[in-house]
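Hi everyone, thanks for coming. Let's have a look at this one together, and stop me whenever you like.

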Amino acid sequence: MNAGTEALAPDSGPRHSVIAIGEIRIDLQQRTLQRCNQALAVGSRAFDILAVLAQANGRLVSKDELMNAVWPHTFVEENCVHVHMSGLRKLLGADRDLIVTVSGRGYRLVQRREEIAADRRAPFDALRGAAGSRPAGVRALVGRDAMLETVGAMLARARVLTLVGMGGVGKSTLGIEAARLLAARSGEPVRAISFAGARDKAAVLTALGRHCDAGPRAPLELAHLAARLSEWQGVLLLDDVDPAICAVAELVDALVAAGDHPRLLVTSREPLHIMPESVFRVAPLEIPAVDAPPAALRSNASVQLFLGRAHAMQAPLCDEGDALGVIGAICRRLGGVPLAIELAAARLAALGLDDILRHLDDPLTLLAGGYRTALPRHRSLRANVEWSYALLDANQQALLQRIAGFDRAFPLEALCEVADDAGLAPEQAVDCASQLVAKSLLCVESGDPRARFRLPNCVRLFALEMSRTSHGPPNDPPGASANRGAVGAASAH
């Protein structure tokens with residue numbers, strides 16, 4: 001099962017648990033299975049069997065008990081249990097021996113289970129927002145006070161607000177904090193669904209069904225689920241919707257049509273593109289000027305984030321004089337992107353500041369080693385960019401590879417010329433460029449009547465790698481070198 005949810009149950013209602021057995025995490029409410037923090041794709045019946053064994057807390061479960069629990073009022077062959085059990089053992093890999101077969105009697109799951117409070121499962125599962133409190137695992141925002149106030153004001157008057165921005169810029173963290181503060185100020189309940197693993201409409205509907213406590217046999221129809229959700233007054237945070245954005249857009253449209261509730265806060269790398277939507281673009285943190293004095297460096301948001309991460313790790317770090325200047329240079333090279341800054345600070349465990357700055361010519365290799373509990377794409381810069389790249393269609397990937405030859409801002413004419421080399425007509429090139437901008441992979445520089453485009457450095461380097469893989473090692477894409485003179489001339493004016 002792909003998407004995680006928190007049911008819209010009263011706070012006084014029963015809380016579901018995550019059951020931990022060794023490196024295995026079984027989330028009974030979200031119906032997800034993880035091993036070493038990696039999601040495992042498990043079928044519905046197989047998960048039901050595992051859930052029965054896990055909740056038995058080491059007790060032997062007979063075959064009849066399993067069959068009655070998983071297939072109530074239905075006759076199935078005993079072989080069905082064997083087949084699903086074999087599949088579960090294969091899925092568990094090195095932990096397959098956790099499932100013990102007692103010949104002629106049944107099965108049991110060995111090792112004592114550990115129940116984990118639901119509020120600790122993930123930063124966006126429960127956002128009750130009591131003043132001065134913060135869900136476990138959610139850090140305080142750095143350098144986002146003004147942005148937080150703006151988002152809060154927009155959320156207070158918008159029915160649908162989407163926070164968009166490039167990967168790693170902090171959309172989810174900002175959305176969580178905005179929802180928490182709204183709950184603290186207004187007393188409105190806030191709930192959330194993460195669609196990080198949802199890939200299609202079926203997965204979205206399954207998540208919604210659990211969120212509405214619809215039950216396994218309730219009809220998973222959009223109109224029905226939207227009507228159920230519209231009865232709830234509060235704020236619903238829909239997080240990480242990118243893989244199933246079309247299905248989520250349809251859902252949000254249906255929710256708006258069904259009634260005046262709930263209000264919706266969405267995080268995504270691109271807008272939903274629906275009528276009732278307001279959009280707020282989440283920008284990177286402010287970076288320090290090249291000649292910033294020490295006082296300005298210390299008060300800079302990017303530098304503060306780097307220092308905070310380093311101090312939390314108790315990394316050996318001098319934050320005075322030249323060292324502070326090097327930190328400022330690192331933050332400038334990383335463009336103020338919070339994920340990249342945190343990954344760079346994490347390297348202090350093995351590298352010095354000068355080493356980190358010097359190796360930023362290859363940030364896709366250097367910036368790895370994120371939090372173990374983070375989503376896989378947040379554990380390294382390469383994984384973060386790769387995840388976005390994989391969501392592009394073939395034409396968008398082809399254009400991204402061609403324009404990666406530009407190492408500075410370039411005009412539309414240059415983009416169309418290299419797109420032609422990739423077999424894309426001008427209208428296709430313009431459409432693909434618009435999509436890349438919408439998906440926060442291509443930047444448009446303002447302040448000039450003619451549009452100029454620029455690729456974030458990490459995106460450009462990854463696209464160059466993909467280009468070499470696809471087309472071999474020849475130099476720049478045809479036309480890119482010729483256009484660099486025009487690009488430079490345009491940049492000079």
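Predicted model: local features only at pLDDT ≥ 70, side-chain atom pairs only at ≥ 80, totals over all residues.

**A quick walk through the model**

Residues are numbered from 1 along each chain as its sequence is written, and side-chain values use heavy atoms, with hydrogens and water left out.

Back to that pair. Helix α1 covers residues 44-55 and helix α2 residues 63-70, and their axes come within 10 Å and cross at roughly 125 degrees. The axes are lines fitted to C-alpha atoms, for helices over the stretch in contact, and the angles run from 0 to 180 degrees between N-to-C directions. So α1 and α2 are oblique to each other. On the cut-offs, under 35 degrees is roughly parallel, over 145 roughly antiparallel, 65 to 115 roughly perpendicular, and the rest oblique.

Who meets whom? From α1 we have R45, D48, I49 and V52, and from α2 they meet L66, A69 and V70. Contact here means heavy atoms within 4.5 Å. By class, that contact of α1 with α2 has five nonpolar, no polar and two charged residues.

Now α1 has another neighbour to look at, helix α3, residues 79-92. The axes of α1 and α3 come within 9 Å and cross at roughly 80 degrees, so these two are roughly perpendicular. R45, A46, I49, L50 and L53 in α1 meet H84, M85 and L88 in α3. That contact has six nonpolar, one polar and one charged residues.

On to the strands. How many residues of strand β10 are buried? Five of its five, residues 160-164, so to speak a mostly covered strand. Buried means under 20% relative accessible area, exposed means over 50%, and partly exposed is in between, with a 1.4 Å probe and protein chains only. V160, T162 and V164 point one way from β10, L161 and L163 point the other way, and all are buried.

Pairing needs at least two bridges found by DSSP.

For contrast, find the open sheet of three strands, in the order β15-β17-β16, where the pairing is antiparallel. Its edge strands are β15 (410-411) and β16 (443-445), each pairing on one side only. β15 and β17 (residues 452-454) pair over two bridges, with F410 opposite F453.

S230 counts as buried because its relative accessibility is 16%. Leaving out residues up to four places away in sequence, S230 touches L255, A258, G259, H261 and P262.

Finally, zooming out: the protein chain has 20 helices and 17 strands, and buried residues make up 51% of its 493 residues. Helices (H or I, at least four residues) and strands (E, at least two) are DSSP runs, numbered from the N terminus.

Technical notes: Nonpolar A, V, L, I, M, F, W, Y, C, P; charged D, E, K, R; others polar.
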